[in-house]
Amino acid sequence: MAHDYQGPMIRVEDLVTYYGDRRILNHVSLEMQAGETMVILGGSGTGKSTLLRHIILLERPSSGHIYIKGHDICHMPEERFNLLRPKIGMLFQSAALFNSMTIEENVALPLRELTQLEDSTIRIMTRIKLDLVGLSGFEAYMPSQLSGGMRKRAGLARALAMDPEILLFDEPSAGLDPITAAGIDTLILKLKLAFRMTIVVVTHELASAYMIADRLTVMDRGEIIAVGTPEEIRNSPHPRVVQFLNRVPEGEPEDAQAYLRSLTQSSS
Amino acid sequence: MTGVLALIGRGTLGLFRYATGLYQLSRDAGYWTFVAPFKGRSPKWKSALHQMVLVGVNSIPIVGLISLFIGIILALQGAYAMRNFGASPYYVALLVGVSMTREIGPLMTAIVVAGRSGSSFAAELGTMKVSEEIDALEAMGLNSVRYLVVPKYLALLVMMPCLTILSDVAGILGGGLFQIVQLDQSLSMFLISTRDALEMRDIWTGLVKSLVFGLIITKVGCYEGFSVRGGAEGVGKATTSSVVVSIFLVIFADVIFTAFFYYTT
C-alpha cells in the first residue's frame, strides 16, 4: 500500500445495485478526501445506507467501482480486502454490540482476533478507547445494561479499536433523544479534530448534518442529487433538495391515469 | 394453467435456492472446520466447548428419559406382536436392541437435538442478523462462519454419537425393565441375550447415521438463522422452519441410509 497516496480517500464510481428487480443505487459517483467529513443526507429508502454498506463491502454492487486509497475493492478477493478492513471502522445503526460479551470484550474483540498483542496491552488499549468515548468504568457491563446512547458510544469505541483511517456512521442519532444525539455529534467532531480521520455519516437529521459536515451529499431514489458545502446545499435550487431541507411532505401523485393503472394492475 | 406452471416453477426455484444456500454454507463450514486448521487458523475451541455443553451435556436428561420410554414401548409392542408366535424373551431383546441401535436411537436423538439445538441455532443467529451483529463481525474482517457456525458443527459432530450411545443404552435398559418385570428374567440374563442379539455392525451404522443427522441439523439451523429478514417475526419463522426442515431432512436421510444398509447386508 502506497504511503504517499495523494488521491481521494474513497472514490465511488458509477455504482449500480439491484435488489431483485428493484434498483437501489443508480449510477452513484462520489469522492471523499482524506480527513474530510462527508454527510450523506436523504429520506428513508433512498439508498444511503446501502451506499455505506458497499464501502465496507457488506454488499457488492451489480456494476461500478469503489476505490479506497486507490484500490478497487469491488473486484478484490475477500482475503485481500480483509487486510484493508481494519483501516475502516463502522458504527452500525443499532450499535451491533455482541450481546453475549461485556463492553470490554466487545471493544477488545478485533484486537484479540486480528493482532498478536499481549493481553495486558489489549486491556490498556481497550480502556483508552472506552475513555475516549466517555465510558470508562463501564468495562464489565453487558450491552443490555446500557442505555441506547451508551451502546452507541461503546459501538464507536469498538469501531475505533483498530485505529481506522476511515470511520463510517449509519444513522448515529437514530432512536436517541436530542441531548444524547447532540452528545454523539460532539463526539464525532472531537474525533475529527483529534485524529483527522475520513468520516462518512449517513443521516436524515438536518441539524446534526450541518453541525458536523465539511461537505454534504443529498440522495434521492438511489441517485445523488446534490453535493457541496453546507452553504451550497442550503442555497441549492434543486426542488427535491429544497423539499427535503424544508420538510415538505410528498405530494399527491400527479398522473391520475398512472395512479389508476397502478391500482387495477395485479401485483404480479 | 400458466398460473399452475408458474407456481411449480417458483417452487422449484425456491427449492434450488435453498439447496444452493445449504451447500454453500456446508462448503464454507467444511473449509473452516477441516482445511483452515492446517493453515494455522484453528477453530474457536473455547466456544466449541461451550456449545458442546449446551447441545450435549444439557440434553442428557431428556434424551435418556425419552429413550428409556421408547425402549419400554418397543418391548411392549414387540411382545404383543410376537405373542401368537410363542416368541422367547430372546426375540424381545433382539427387537429392542436392534431397533434402538440401528434406528430409533439415532433418530430420537436427532429429533430431540433438532428441537432443542437446531431451533436455538436459528434463533441465535437470526437475532444476531437482525441486530446487525453478523454484519459487524464481517465488517471487522472476522468470518461469521468460522466464529459462529464451526463451533456448532464441532459440538454436534462430537455430541451426536455420544448422545446416540446414551439413547441406545437407555432404550435397551427400558426393554430390559419390561422383561424383568413381565417375564421374570434376571438382569444378567437379559444383558446376555441382548449381547448375543447385537452385532457390532448394528451399533456403528447407528453412529454413522447420527453424524449425518448432526450435520443436517447444524446446517439447516444455521442457514435458517443467516437467512432471517425482517425483525422478530423473521426470527420466529426461521426457528419454526429450522425444526420442520431439519426433522424432514433427517428422516429423509434415514430412509436412504436404512435402505443402503439393508441392501448391502
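Predicted model: local features only at pLDDT ≥ 70, side-chain atom pairs only at ≥ 80, totals over all residues.
1. The crossing of the pair is right-handed. On the side of α8(B), the contact is made by T205(B), K209(B), V212(B), F213(B), I216(B), I217(B), V220(B), G221(B), E224(B) and G225(B). The residues of α9(B) that meet them are A238(B), S241(B), S242(B), V245(B), S246(B), L249(B), V250(B), A253(B), D254(B), F257(B) and F261(B). By class, this contact divides into twelve nonpolar, six polar and three charged residues. The spacing along each helix may be read with one general point in mind: an α-helix has 3.6 residues a turn, so residues three or four places apart point the same way.

2. Helix α1 (residues 2-35) and helix α6 (residues 144-182) of chain B pack at an angle of about 80°, with their axes 9 Å apart. The two helices α1(B) and α6(B) are therefore roughly perpendicular to each other. From α1(B), the residues D28(B), A29(B), W32(B) and T33(B) take part, and they meet V145(B), R146(B), V149(B), V150(B), Y153(B) and L154(B) of α6(B). Seven residues of this contact are nonpolar, one is polar and two are charged.

3. Chain B contains nine helices and zero strands, and its pattern along the sequence reads α-α-α-α-α-α-α-α-α. Along the principal axes, the C-alpha atoms of chain B fill a box of roughly 65 × 55 × 35 Å. Of the 265 residues in chain B, 43% are buried. Among the contacts of chain B with a separation of 6 or more, 88% join residues 24 or more positions apart.

4. The interface between the chains involves ten residues of chain B, which are in contact with 14 residues of chain A. The side of chain B that touches chain A comprises four nonpolar, two polar and four charged residues.

5. Ten of the 13 residues of α5(A) are buried, so the helix is largely enclosed by the rest of the structure. The buried residues are R151(A), K152(A), R153(A), A154(A), G155(A), L156(A), A157(A), R158(A), A159(A) and L160(A). These residues pack against helices and strands of chain A, namely β6 (88-91), α3 (103-114), α4 (119-132), β7 (166-170) and α6 (178-195).

6. As background, most residues other than glycine have a negative phi. K69(A) has a phi near 50°, a positive value in a residue other than glycine. K69(A) is found in the loop between β4 (63-68) and β5 (71-72) of chain A. K69(A) counts as buried because it has 20 C-beta neighbours inside 10 Å, and 20 or more is the cut-off for that class.

7. The second case is R247(A), whose phi is positive at about 55° although the residue is not a glycine. R247(A) lies in the loop between α9 (239-245) and α10 (256-264) of chain A. R247(A) is exposed, with 7 other C-beta atoms within 10 Å. The C-alpha atoms of R247(A) and M219(A) are separated by 15 Å, and the two residues are 28 residues apart along the chain.

8. Y5(A) and K69(A) are 64 residues apart in sequence, yet 6.8 Å apart in space, C-alpha to C-alpha. With residues up to four places away in sequence left out, Y5(A) touches K69(A) and G70(A). Is Y5(A) buried or exposed? Y5(A) counts as exposed, with 12 C-beta neighbours inside 10 Å, whereas K69(A) counts as buried.

Key. Residues numbered from 1 in each chain as written. Chains lettered and ligands numbered in written order. Contact = placed C-beta atoms within 7 Å. Nonpolar A, V, L, I, M, F, W, Y, C, P; charged D, E, K, R; others polar. Helix = DSSP H or I, 4+ residues; strand = E, 2+ residues; numbered from the N terminus. Left-handed = near helix turned anticlockwise from the far one by under 90°. Axes fitted to C-alpha atoms, helices over the stretch in contact; angles between N-to-C directions. Parallel < 35°, antiparallel > 145°, perpendicular 65-115°, else oblique.
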